[in-house]
Amino acid sequence: MQTKHNIKRGVSLYSFQEETFLRKMSLEDCIAKASELGATGIQVVSEQSMPGFPHLSDAFYAQWHEWMEKYGCTPVCHDSFLDTKRHKGRNLTEEECVESVIRDLKHASKLGCSVMRILVSTSPELMEKCIPYAEEYNVKMGIEIHSPWHFDQPWIQRHIEVAERTGTKHFGLIPDMGIYTKRYPRVMKDRLIRNGATPAIAEYICEAYETRIFCEYVIFEVRSMGGNALDIAMAESLRHNIWSNPKRLLEYMPYIFHIHAKFYDMVDDETEYSIPYNEVIPYLIQGGYEGYLCSEYEGNRHIQDISEVDSVEQVRRHQAMMSKLLGEGQ
């Protein structure tokens, strides 16, 4: 594998949601731990990590930049949420949506982030209206390609058409590694079984997923097998998990400037059970990707009933795996 590249490692502080919620880790603790693990890029979900957002003081921003300098980190990405149901009884108007995006662009700029994640549900028409503001604040807006969406879907293609037609460098794509889920996540299966799913049917669903049987057929078969409500729910979850060919990354590399390095379950040998990073990262290197891979741990919710969540250890393993695959230290 070619190892010469400019790919950098980071952490989405979303990974530490368990410890943040339980008040075991402060915002500074999360930044310090990311740095300790060798992940110098910081991605943040401001609603989670910054009490009072979006009404933050100048003192907060000053403290943020002090932490970045203290721990040798770089602000990379702010995860923006377009809360269209902010007001009871009505959705935000288009003008209010634009104002909300502008608000977050200003916030990302103040943090020093060069990228802002946009939810995939945001329309391409709205994004086009916001491009001039992204250019003004010099923050790249990226539509998150999150499972079950993928590059070829018309909705995503419409966003790409906006980027092509406008010629902007401030609007593009942020793939989430969840679109490369090759095996059904073990932690999800095990939790469903503990909750009452039938083990044999759960195994059938996992095997069907790995052989890429169309999910509607799997749902039909599970019903025919007399599956209970949890069995059917597990089969229906196949609608939301996908495996994409990572080679397609090469076609869309000009529009990709950030990646959510999603993972569910780092096993003892420091590999991800469901997502074959060893099949994806080589294409990022081949394609000349130069952004960050930010660890995004989402396995906590599936193990809370049986063990204490150790997000730090999971992120440590994930960072170690990425460091190895990126050829660091060679």
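**Rings, sheet and core**

Guide: Let us begin with the aromatic rings of this predicted model, where the count comes to six aromatic pairs.

Visitor: Which kind of aromatic pair do Phe60 and Tyr61 form?

Guide: A pair of aromatic rings is described by the distance of the centres and the angle of the planes. For Phe60 and Tyr61 the centres are 5.7 Å apart and the planes stand at 75°. Since planes over 60 degrees apart count as edge-to-face, the pair of Phe60 and Tyr61 is edge-to-face.

Visitor: Is Tyr61 buried or exposed?

Guide: The cut-off needed here is that buried means under 20% relative accessible area. Phe60, with 17% relative accessibility, counts as buried. Tyr61 has a relative accessibility of 8%, and therefore Tyr61 counts as buried.

Visitor: How many residues apart in sequence are the parts that the pair of Tyr184 and Tyr209 ties together?

Guide: Tyr184 and Tyr209 form an edge-to-face pair, with 6.3 Å from centre to centre and 80° between the planes, and Tyr184 and Tyr209 are both buried. Tyr184 lies in the loop between S6 and helix H8 (186-195), whereas Tyr209 belongs to helix H9 (residues 199-210), so the parts that this pair ties together are apart in sequence by 25 residues.

Visitor: Over the ring of which residue does the charged end of Arg186 sit?

Guide: Arg117 gives one example of such an arrangement, lying over the face of Phe81 at 4.7 Å from the ring centre. For Arg186 the distance to the ring centre is 5.0 Å, and the ring belongs to Tyr273.

Visitor: Which strands stand at the edges of the open sheet?

Guide: The open sheet has eight strands with parallel pairing, in the order S6-S5-S4-S3-S2-S1-S8-S7. Neighbouring strands are turned by 30° against each other on average, direction ignored. A strand with a single partner has one side left without a neighbour in the sheet, and this is so for strand S6 (171-175) and strand S7 (259-263).

Visitor: At about what angle does helix H7 run to S6?

Guide: Helix H6 (residues 124-137) lies across strand S4 (115-118), S5 and S6, and runs at about 140° to S5. Helix H7 (residues 154-166) lies across S5 and S6, and its angle to S6 is about 145°.

Visitor: What is the relative accessible area of Val218?

Guide: Val218 is found in helix H10 (residues 215-224). Leaving out residues up to four places away in sequence, Val218 touches Tyr204, Ile205, Ala208, Ile213, Ala235 and Leu238. Val218 is buried, and its relative accessible area is 0%.

Definitions and conventions: Residues numbered from 1 in each chain as written. Predicted model: local features only at pLDDT ≥ 70, side-chain atom pairs only at ≥ 80, totals over all residues. Heavy atoms only, no water. Pairing = 2+ DSSP bridges. Helix = DSSP H or I, 4+ residues; strand = E, 2+ residues; numbered from the N terminus. Axes fitted to C-alpha atoms, helices over the stretch in contact; angles between N-to-C directions. Contact = heavy atoms within 4.5 Å. Phe/Tyr/Trp six-rings, centres within 6.5 Å; stacked < 30°, edge-to-face > 60°. Buried < 20%, exposed > 50% of the residue type's maximum accessible area, 1.4 Å probe, protein only. Lys NZ or Arg CZ within 6 Å of the ring centre and 35° of its normal.
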